[in-house]
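Subject: Structure handover

Hello,

Here is the structure for your files, with the sequence alongside. My notes on what was found in it follow below.

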Amino acid sequence: MSAVEVPSEDPRGKARPGRGTAIAWGQLALMTTASVASLRPSPSMAVYGIAAVFLYLLPAVVFLLPTSLVAAELASGWDGGVYKWVSEGLSKPLGFLAVWCQFAMTIFYYPTLLAYVASTLAYVFDEKLADSGLFTAVVIMVLYWVGVLVSSRGVKTVASLSSLGLVLGTLIPGVVLIVLGVLFLGQGNASAAPMDSHHLLPPWTGIASLVLIVNNFLSYMGMEMNAVHVNELRDPPRQYPKAIFLAMGMVLLIFILPALAISWVMPAKQLSLTAGVMQAFSSFFRHFHVHWLTPIFGIMLVLASLGGMLTWLAGPSKGLLMIARQDGYLPPFLQKVNQRGVQQNILVSQGVLTTVIALLYAFVPNVSSSYWMLSVITTQVYMIVYLLVFVAAVRLRTTRPDHPRGYRAPMLKTLCGVGLVASLLAMAIGFIPSSQFGGGNTAVYVLVVAGGLVLLGLLVPYLFLRFRKPDWVDPASHSLDEVS
């Protein structure tokens, strides 16, 4: 007779998972890769050719690694995500600011994601539509509201759809893109971008030449979400770093190799930030006389993006609802749910703002300019979360060193210092227009980015805190303090 598996205790006194429930470190690496990796940011780095390797590696070292390891320590010591971490380390109002920014960044994230979907769909119907701001705006609005409708019905297949999207819309197209690129060069065709050692670093033409690196901080955002699974590993101190380094390797390969393949076939001056992936597929398929595959791969990429959108719709807004009910940070109207328990009023309110932002594509002549500005605003708002988390982590290690943690990040203060400086520099660089802005008015660009950051990232949460009323607290909710 086999012995019964008895879960062991973790440092916080909770049961460590037994062999039947524990997550293997390789599984955690795949989960992390699936939540971060995508082909969508590849065009923004393909314009730099082989220098894309440097531009992906730099933020991985100074941002991705610190974020992942620091979040692992916080998640293994405190349940409740960024709200709990920042509340314990700094204050509850700052904890609300952190969870608000985590939610608010999606308001700008959805238009950029769906702009990519619109440009991809253009290659299914008519390639000329990829440069149409009106077409892009209509697609954003229609698909977002369809996503809200699906989410409001409590569809249980969102998680499986997201996993399927990783395979169909990211891994398979990514591998095909790389293989076609290698075959293209193997036939003796010249690369559209220089691939020699003199171009390993981006050309220095002033600080604006490095502005596109900000997009890579956005690409790596979300790694901290999977840190909540750290206590499900059998040996967190040894296995979590292994999972993170494997995930980093896979994420870098998915980001770097397709970007290089795109740079081999598409000249930088002709590359669209939104339609670049489909431009590359279209060029490769034409070259190899299989252009009929273009719409098929377009649909695959669209399905992956829509699956990701549904996952984001269900996540941050649900976390905001929980905090709003427990501590009364949002008015009762935004706390209401439908008969399936879905935060429909939050999603609808978010949709109104998303619709307004989508109209930007209809009025800004260059679609890539709109895409870039909204990508930067997304990064700026989300960076507030990381600034608060890094400071909270240092303070918790200093003021509560004996608090049980399942995992302790090595050189935590150094990691937080590097991540903090990198985040501040990313925010500063984001105010400098890149060449992809299309020669637009610099003052308008700065005002739009600063306005988006201040209005949505700071002013709105301040107003909620300033006018909060005691009766906003839902008496049926349990405080996070009781479950930590």
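Of the contacts in the chain with a separation of 6 or more, 81% are between residues 24 or more positions apart; contact here means heavy atoms within 4.5 Å. Please note that this is a predicted model, in which local features need pLDDT of at least 70 and side-chain atom pairs count only at pLDDT 80 or more, while totals for chains, interfaces and linings use all residues. Residues are numbered from 1 along each chain as its sequence is written, and side-chain values use heavy atoms, with hydrogens and water left out.

Overall make-up

The secondary structure comes to 17 helices and 0 strands. Both are DSSP runs numbered from the N terminus, with helices being H or I of at least four residues and strands being E of at least two. The chain has 484 residues, and 55% of them count as buried. Buried means under 20% relative accessible area, exposed means over 50%, and partly exposed is in between (1.4 Å probe, protein chains only). The accessible surface of the chain is about 20100 Å², and carbon and sulfur atoms hold 69% of that; areas come from the Shrake-Rupley method with a 1.4 Å probe, and for residues only the protein chains shown count as cover.

The core

The largest nonpolar core contains 144 residues. Such a core is a set of buried Ala, Val, Leu, Ile, Met, Phe, Trp, Tyr and Cys residues joined through side-chain atoms within 4.5 Å. V70, W100, Y220 and Y240 have the most contacts inside this core. Helix 5 (residues 92-125) gives the core its largest share, 22 residues.

Helix 1

Helix 1 covers residues 25-36, which is 12 residues, and spans 17 Å from its first C-alpha to its last, close to the 16 Å expected at 1.5 Å a residue. The expected span is 1.5 Å times one less than the number of residues. Its buried residues are L28, A29, T32, T33 and V36. They lie on the same side of helix 1 because they cover an arc of only 140 degrees around the axis, the arc being that of the directions from the helix axis to the C-beta atoms. An α-helix has 3.6 residues a turn, so residues three or four places apart point the same way.

A71 sits in helix 3 (residues 52-77) and is buried, at 3% relative accessible area. The C-alpha atoms of A71 and M223 are 8.6 Å apart, although 152 residues separate the two along the chain.

The whole structure has 5 salt bridges, each a side-chain nitrogen of Lys or Arg within 4 Å of a carboxyl oxygen of Asp or Glu. One of them joins E73 and R397 at 2.6 Å, N to O. E73 is in helix 3 and R397 in helix 15 (residues 367-399), so this pair ties together parts 324 residues apart in sequence. E73 is buried, at 1% relative accessibility.

E73 also forms a salt bridge with R405, with the closest N and O atoms 3.0 Å apart. R405 is in the loop between helix 15 and helix 16 (412-429), 332 residues from E73. Both R405 and E73 are buried.

Another salt bridge pairs K92 with D327, at 3.4 Å between the closest N and O atoms. K92 lies in helix 5 and D327 in helix 12 (residues 316-327), so parts 235 residues apart in sequence are tied together. K92 is partly exposed at 31% relative accessibility, whereas D327 is buried at 12%. Through shared partners, salt bridges join E73, R397 and R405 into one network.

Regards
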